[in-house]
Amino acid sequence: MIVALVILLLLLAALGAPLFALIAAIALIGFTAGGQSGTAVAIEFYRLADMPALIAIPLFTLAGYLLAESEAPRRLVRLTNALFGWLPGGLAIVSVCACTLFTAFTGATGVTLVALGAVLYPALRQAQYPERFSLGLLTASGSLGLLLVPSMPLILYGVVAQQFHTTPPVAIDALFKAGLLPCLLMIVVLSIYSAWIARSLPRPARSSGREVWAAVKDAAWELPLPFVILAGIYSGRLAASEAAAATALYVLIVTVLIRREIKLPELPRVIREAMLLVGAILIVLGFSLALTNWLIDGDVPERLFGIMKAGIDSKIGFLLLLNAFLLVFGMLLEGFPAIIILVPLVLPVALHYGVDPIHLGIIFLANLQIGIFLPPVGMNIFIASARFGRPATSIIRASLPFYAILLMCVLIITYWPQLSLVFVR
Amino acid sequence: MKSAGGLEWLRMIENWLLAVLVLILVALSGAQIVLRIFFETGLSWADPFSRGLVLWTGMLGALAAVRDDKHIALDVLQRFLSPPAQRIARVVTLGFAALLCAAMAWYSLGLVGIDYAEGLQTSGGRFTAALRACFAESILPVGFALMALRFALRMFAPPAHAPMLLHHSETVSE
């Protein structure tokens, strides 16, 4: 009976059934088998309305989508280009930085690829960067920024991890602080590689002071944003949810009322796009709250640890296994659902092995970031393939050096906890 | 974006409700910060109200995601199916989702019933108090029922899009 159910659910999953329905089915079956009514699942789901940190998700997502729809991406590229364009590999570095900031705000890596790819790919090719390098760089950069304030997956990790009342607690702002250096590491390493690739390319002249000033003025309304968020959160004056509210309100006023790049009649459409993503994530989260409770009642994480302890006795061994595991699941599930489903299982086990819950969050996101464009089925391969009009196999081949570089970064991040924890503990 | 013609008005209500609720959420959260930082005060009802708004916007967003086929799913195998097999897979998986949503609509109706009865009891039979006790969660049965309906309608409709792109999806030319 159980075997038949498992096979049925796996088959439905493989055929493309919505993830939330699969989780709901498992939760309903589990609760009913445990002698509770299905109403208990509804009660667990309703806990969504009882999580203060959750407010940050719709607010930051809205801000990100509004910025994406406005001319902000173009201004961002212009400004970074004026500042860094003259460096060796300058335009590539511009691409990496712009993608990072953009993904941090939208939380959706595919959106970055689509929105910024359109601007950056022709620019890179025009500056005579090799085609293969350009494709790989943009595909890889698309998911960069998941570790940076105010990335939505990072908030999601915090929300899920807070269910476990760990000591020390997993505060969202602690995660934001922890992500800073690891994200910087990836940007720097990618920039060095880019500079090396571009060493023989003709270098554009340094932008005139006038162009820099014009670019700064052009982006004057957006410029304060990262600083307000960073300063607000790092100084402890604003909680993550408040920073989200301030950002959403500010961006709404700037894009709709001041710059008017999003016309008022278009606003409901943009809001709908953003909330569609939020809704798709929250509904998975709601059912996984029920599932998590059921798993904990059944001592599943403890049993999992029991099984693993037999084979793996060191923290290093555990982390190595975790890396491999997360890469595969990040590829299959993309970022959001992988966090929602895996954190409840992995976090209790990781705590037994002595992994800091904040560090674990950074490891999670760093791995998922690669998983998202990992062959054969990472989502961003197909998005890049559609966006740049190249077959998926070319995208994969172009991304090969970038897998190696980012994998190296992930290993450093995993085995050097201080890099993540220096600002936190 | 095609939709069942008779349900067009429902779509309009849904979109506008979503936009209005989100704007209220933004304005209210913004006001709370201003009140806290500059006046060291705050509205006591605002926090639970905002959390309720998150649930409402989340459910409406999830409902909208059904129409655009944007619910998170593994689409690994689908790529390898023949078109007729894809159509069958769509009927089966969306039918499954419709069933689950219908079940959840029923169970969350039970939850609303429990809290309504409890609110009635603790307030000594005042209808408004009972209504307030179960108002936030009333989106659950409504939302799940509408999702069940929409999943059922979309079982036989063609898929809406390629996955997870914003609306501009033209290819870049060099």
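These legends accompany close-up views of a predicted model. Residues are numbered from 1 along each chain as its sequence is written, and chains are lettered from A in the order in which they are written. Local features need pLDDT of at least 70, side-chain atom pairs count only at pLDDT 80 or more, totals for chains use all residues, and side-chain values use heavy atoms, without hydrogens or water.

**View 1. Chain B, an α-α-α-α-α chain.** Let us start with the overall picture: chain B has 5 helices and 0 strands. Helices (H or I, at least four residues) and strands (E, at least two) are DSSP runs, numbered from the N terminus. Of its 174 residues, 43% are buried, where buried means under 20% relative accessible area, exposed over 50%, and partly exposed in between (1.4 Å probe, protein chains only). Among contacts (heavy atoms within 4.5 Å) with a separation of 6 or more, 74% join residues 24 or more positions apart. Chain B exposes about 9100 Å², and carbon and sulfur atoms supply 69% of that area, computed by the Shrake-Rupley method with a 1.4 Å probe.

**View 2. Helix α14 of chain A crosses helix α2 of chain B.** Here the axes of α14(A) (residues 267-297) and α2(B) (residues 46-67) come within 6 Å and cross at roughly 100 degrees. Axes are lines fitted to C-alpha atoms over the stretch in contact, with angles from 0 to 180 degrees between N-to-C directions. The two helices are therefore roughly perpendicular, a term for angles of 65 to 115 degrees. On the α14(A) side, look for A:R272, A:M275, A:L276, A:G279, A:A280, A:L282 and A:I283; they meet α2(B) residues including B:V54, B:T57, B:G58 and B:R67. The residues of this contact divide into 9 nonpolar, 4 polar and 2 charged. Ala, Val, Leu, Ile, Met, Phe, Trp, Tyr, Cys and Pro count as nonpolar, Asp, Glu, Lys and Arg as charged, and the others, Gly among them, as polar.

View 3. Most peptide bonds are trans.

**View 4. Positive phi at A:Q128 and A:R260.** Most residues other than glycine have a negative phi. A:Q128 has a positive phi of about 70 degrees; found between α7 (109-126) and α8 of chain A, A:Q128 is exposed at 51% relative accessibility. A:R260, with a positive phi of about 55 degrees, lies in the loop between α13 (240-258) and α14 of chain A and is exposed at 56%.

Notes:
Parallel < 35°, antiparallel > 145°, perpendicular 65-115°, else oblique.
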